[in-house]
Amino acid sequence: MIGEPAQHFVSDPHWAWYIVFYFFFAGIAGGSYAISTLLRWRGNAADEPAARVGYYLALPPVLVAPILLILDLGQPLRFWHMIISTTPDSGPFMFKVWAPMSVGVYGLLAFTFFAAVSFVHALALDGVLRIRLATQLTRWLEGNRGLMFHAVGAVLGLFIAGYTGVLLSVSNQPVWSDTWVLGALFLASGLTISAALIQFFGYYRADTQPSAGILTVFERLFAGLEVVMILVFAFTVVAAGTASIVFGGPWALLWFVVFLGTAPGVIALFTRGLNPPAHPEWWDLRPARVPIESSTPSVEDPAATADEADRAEGARDAPGTDDSGESAAPATATATSTRTEPETRRAPLSAWLPPWRAALFPAMVVIAVFSLRVAVIISIH
Amino acid sequence: MEITPGTTYGFFTDTSVCIGCKACEVACKTWNQLDSADQFFGDGYDNTAELNDQNWRYVQFHDEVPDAATSQGNGAAFLMMSDVCKHCSTASCLEVCPTGAIIRTEFDSVFIQSDVCNGCRSCMAACPYDVIGTANVPNQYGTMGVAQKCTLCYDRLQDNMEPACSKACPTESIQFGPLDELRNRATQRLETLHQQGVTQANLYGHDETVYGGLNAFFLLMDEPEKYRLPNAANAKMPSRNNVGGYLGALGAAVLAFFGGLLALRRRQEKVEEEAASTPSGADGASSNNGGAPAATETTPGGEGQ
């Protein structure tokens, strides 16, 4: 399969940092929407809070993304020329199904709509948004119709996470056009970072604790997929003779970072497969609010006070939750225990900062996923 | 000559008679009001360096001056070629342009509409010949940042004038005319050169093997790669990666989806197992040795697409 090296006599399009960040945000937005939809569809009731975290996570990046794209244009104010045709005597809309940039513009618009609706829906479910529109929306998205809506949104989300790689490949650039796997690679990578970020932000929301285990497994799965895609990518560019451009020199360091971030997941995939984590206490998510004790709480040990809150929360969890390391009494669906809900206060700063175990792995994944995009996009310049 | 719309026009550039005078560059820049080449202390005679937003004709110089003792050179001491947009029949730039700025004119040339282009640079990513550039200075319409390249002097053609470069070329290395007429001339010229013993002469882009046929095609004095022209095997359209790219992404999505379902199922199984074995409820600490052996659990369909 390794024949003549591919010839490339092209100049590069100077797609640089705006585009790197756009790819990064598109992956997060689409990936978290897709994971949240999977949790809502096939998870159990205790996964709902984590799903909401994902839907909250999906909207901000997809709002920033078009701004980055517009700023990257040579004539930013003409961005709408990709939607409305300005060539004389041509149809009103501009659309080329064979040009990924054209398809992507519409995909991004459509997904932004779904992400916004799901964001508002999550706010309504959380009781943050109490306007009439919110309750109407909640009613409209109940049951199967809601699932269908989110499924369509998830497909669009996966599209915007993946089409970016296809866009790079539909060119004549070295490395990019020597492979067909960039779309798959960026999709897998987007899912990896989304699972890590949902778990990380779940730290700030104690009722996501039951989902910590499954999110860890998802990270493993997606990290494994990502590594497989990297290997296929490497194989295709080696066959084309352009591997040194993307893997050589300073980029080798970035690829090392990429493997560092995905290695824990891949190793866990080999040792545990898709089974729930062996050490769930590692993924213990602590709330950012601590209960007020009658005695002065010891801020040096938020663990003790947090456990109290955990147990109180645990009594309300639905049956069949993940192995969360706490000894929950069988859920009797009584929200009222013999003691009243402890008063909580905003935790001191030390409790707002997540424990290093909760922060380290997502940080590694974020850096790894970002490095992947830098290596693929910037190396051809 | 009468230049009639509806006919395919182009260039036949015969590099065997190019003297490297760069009259074509000067004429092109004069007519199109482009900036002068900013490479001043360039290497050798090639101080234009590339085609870009301000260089729409660029004379390539390839120094192959032989050792004086070995040969006279036989027309190969310098390979000189006036490079230009090839106005491909199936143009990569036109294919990927998301605004529809790149069109085919009534003279079958490839033209970028400066008022439509938004400077996304997809065409730059697509062009296999490194022809297109974006303007860092205002163009003649006062617009910055849009893609620019040879227009085949569209404005001159509409006024029945041949392009500036072919008009200025003193050796008729650059010939302009209807494409079929140019192709006939080219095959005759090639025949003549071969009979004279110039066997390295070859035609590039004169038939459909390269991008459906180049409206601006060449007679070269060496392999195409020497002139930074991809050979027929490497002359590929960007859209070739559409199907593979989307299918690959779909495959990854499917794998991720089914893997996710499997993970959820494993969790459910473990919970049911715990519920069955310890009826009083989950006792998290001791439940780790349940589940299927880890060795058989690998990502389903672990190989990528």
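Of the 381 residues of chain A, 58% count as buried, where buried means under 20% relative accessible area, exposed over 50%, and partly exposed in between, with a 1.4 Å probe and protein chains only. The model is predicted: local features need pLDDT of at least 70, side-chain atom pairs count only at pLDDT 80 or more, and totals for chains, interfaces and linings use all residues. Residues are numbered from 1 along each chain as its sequence is written, chains are lettered from A and ligands numbered from 1 in the order in which they are written, and side-chain values use heavy atoms, with hydrogens and water left out.

Chain A contains twelve helices and two strands; both kinds of element are DSSP runs numbered from the N terminus, helices being H or I with at least four residues and strands E with at least two. Along the sequence, the pattern in chain A is α-α-α-α-α-α-α-α-α-β-α-β-α-α. Among the contacts of chain A between residues at least 6 apart in sequence, 78% join residues at least 24 apart, a contact being heavy atoms within 4.5 Å.

Helix 7 of chain A, residues 212-240, has 29 residues. From its first C-alpha to its last, this helix reaches 42 Å, close to the 42 Å expected at 1.5 Å a residue; the expected span is 1.5 Å times one less than the number of residues. Because 26 of its 29 residues are buried, helix 7 of chain A is largely enclosed by the rest of the structure. The helix is followed by A:Gly241, which has a positive phi near 85°.

The account now turns to chain B. In helix 1 of chain B, residues 23-32, the buried residues are B:Cys24, B:Glu25, B:Ala27, B:Cys28, B:Lys29 and B:Asn32. They pack against strand 2 (57-63), strand 3 (78-84), helix 5 (164-168) and strand 8 (174-178) of chain B. Just after helix 1 of chain B, B:Gln33 adopts a positive phi of about 55°.

Most residues other than glycine have a negative phi. B:Asp108, which is not a glycine, has a positive phi of about 65° and lies in the loop between strand 4 (102-104) and strand 5 (110-112) of chain B. Its relative accessibility is 22%, so B:Asp108 counts as partly exposed. B:Asp130 is likewise not a glycine and has a positive phi of about 60°; its place is the loop between helix 3 and strand 6 (133-134) of chain B. At 13% relative accessibility, B:Asp130 counts as buried.

Between the two chains, 76 residues of chain B are in contact with 78 residues of chain A. Together they bury about 6200 Å², 56% of it on carbon and sulfur atoms; this buried area is the accessible area (1.4 Å probe) that two parts lose on being put together, summed over both. Two salt bridges are counted between chain B and chain A, each being a side-chain nitrogen of Lys or Arg within 4 Å of a carboxyl oxygen of Asp or Glu. A:Asp72 forms a salt bridge with B:Arg121, and the closest N and O atoms are 3.0 Å apart. On the side of chain B that touches chain A, helix 2 (92-96), helix 3 (122-126) and helix 7 (240-277) of chain B each supply at least two residues. Helix 7 of chain B gives the most to that side, with 24 residues.
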